[in-house]
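Subject: Handover of a structure

Dear colleague,

Please find the structure below, together with its sequence. My notes on it follow, and I would ask you to read them with the model open.

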Amino acid sequence: MFVSGLVSVFLFLHATGIDCAFTVTTSNADVRAKENEGADLYCTHSADFGANARVEWKFKDMTGSTTNVIFDGKPTTPYADRVTKFDGMLKFSKVTRKDNGEYYCAVSGSQKFGEVKVKLTVLVPPSMPMCRVPTSVTTGHSVLLSCHDAQGSPPPTYKWYKDNNPLPEDPSKFAAFKNYTYKINTLNGNLEFPFASKMDTGAYSCEAANDAGPAKRCEAVRMEVRDINTGGIVAGVIVALLALALLGFGLWYARRKGYLPKKSASQPKPSVVYQPTSEYGDEEDGEFKQKSSFVV
């Protein structure tokens, strides 16, 4: 009965294409640890790889760059002082935010290969976010307010406040905000107004939060939304035209009264003609005669 049951299981696994041999597994595929504390990454493999199976660990950071952690049975230089390899486990004595990423446990032996991925998240509370809020905006123009924290891990999410009141992510779902047209991106911290209006005037602040520690909020900055000052523009143009008219009148009056010098008539430049002479004078009469002259 028991044997027939094993045969049935084997036939089922064979028919479904599931192969239990040469497996590499982990008991925790998502490890979370506080910064500057230890972390354990687990990796076990089936006996099919043999007693001398080769186990290596590789690390892929958040940018996609790959580095060897365990190679040829030993920690590589960047990890030598804080990583120890045990049978079925990779132990960190201390982790930093630079250790955030994916770790791959690769096992090879008996001409077979297997691999398992373990994600490590280093918990770092958010810091004070950097907020950029314009202080003066013209009605009808698009406006972008930004907020970012580069320290928090996992990456923080963002919430905006106006006059110390939280702004809902989707204003259309709340009656008190149905006339607002702003857009909030909680992942990158941007608050955008496609067409700013006077009702958007207020003091804005942003909060960064994750599950590693208390949230942090930047200081509020007041943004004023004003109409275009058409009266000031028209007045400026009129003043400029009056100034040009007065300048033109002043130049005309000064010239008419003779205060400005008149242009002097041009006189022809003197011309000089030089006639060369012989070094020994006139050869016909043997006397020296001057044959050069200047004509002005």
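Thr84 stands opposite Lys91, which belongs to strand S9. Strands, like helices, are DSSP runs numbered from the N terminus (strands are E with at least two residues, helices H or I with at least four). Two strands are said to pair if DSSP finds at least two bridges between them. Strands of a sheet pair through backbone hydrogen bonds, and the pairing is either parallel or antiparallel.

The model is predicted: local features need pLDDT of at least 70, and side-chain atom pairs count only at pLDDT 80 or more, while totals for chains, interfaces and linings use all residues. Residues are numbered from 1 along each chain as its sequence is written, and side-chain values use heavy atoms, with hydrogens and water left out.

The sheet

S8 and S9 belong to an open sheet of 3 strands, in the order S3-S9-S8, with antiparallel pairing. Its edge strands are S3 (39–42) and S8 (83–86), each of which pairs on one side only. From one strand to the next, the twist averages 15°; for such angles, axes are lines fitted to C-alpha atoms (for helices over the stretch in contact), and the angles run from 0 to 180 degrees between N-to-C directions.

Salt bridges

A salt bridge is counted when a side-chain nitrogen of Lys or Arg lies within 4 Å of a carboxyl oxygen of Asp or Glu. By this rule the count comes to 9 salt bridges.

One of them involves Lys91 again: its side chain meets that of Asp40 in a salt bridge, at 3.2 Å from N to O. Asp40 is in strand S3 and Lys91 in strand S9, so that the pair links distant parts of the chain, 51 residues apart. Are these two residues buried, exposed or partly exposed? The terms rest on relative accessible area: buried means under 20%, exposed over 50%, and partly exposed in between (1.4 Å probe, protein chains only). Asp40 counts as partly exposed because its relative accessibility is 24%, and Lys91 counts as partly exposed at 34%.

A further salt bridge joins Lys117 to Glu102, whose closest N and O atoms are 3.6 Å apart. Lys117 lies in strand S11 (residues 112–123) and Glu102 in strand S10 (residues 101–109), so this pair ties together parts that are 15 residues apart in sequence. Lys117 is partly exposed, with a relative accessible area of 41%, and Glu102 is partly exposed at 25%.

Arg222 forms a salt bridge with Glu224, and here the closest N and O atoms are 2.7 Å apart. Arg222 is partly exposed, at 45% relative accessible area; Glu224 is partly exposed as well, at 24%. Elsewhere, salt bridges that share partners join Arg54, Glu56 and Asp72 into one network.

Disulfides

How many disulfides does the structure hold? There are 3 of them, a disulfide being a pair of cysteine sulfur atoms within 2.5 Å.

Cys43 and Cys105 form a disulfide with their sulfur atoms 1.9 Å apart. The link is left-handed, with -70° about the S-S bond. Cys43 sits in the loop between S3 and strand S4 (44–45), and Cys105 in strand S10, 62 residues apart. Both Cys43 and Cys105 are buried.

Cys131 is joined to Cys218 by a disulfide, at 2.0 Å from S to S. The torsion about its S-S bond is about -105°, so this disulfide is left-handed. Cys131 is in strand S12 (residues 130–132), and Cys218 is in the loop between strand S20 (213–217) and strand S21 (221–226), 87 residues apart. Cys131 is partly exposed, with a relative accessible area of 22%, whereas Cys218 is buried, at 9%.

Cys147 and Cys206 form a disulfide whose sulfur atoms are 2.1 Å apart. This link is left-handed, with -85° about the S-S bond. Cys147 in strand S14 (residues 143–148) and Cys206 in strand S19 (residues 202–210) are 59 residues apart. Cys147 counts as buried because its relative accessibility is 2%, and Cys206 is buried at 0%.

With bonded cysteines counted along the chain, the disulfides follow the pattern 1-2, 3-6, 4-5.

With kind regards
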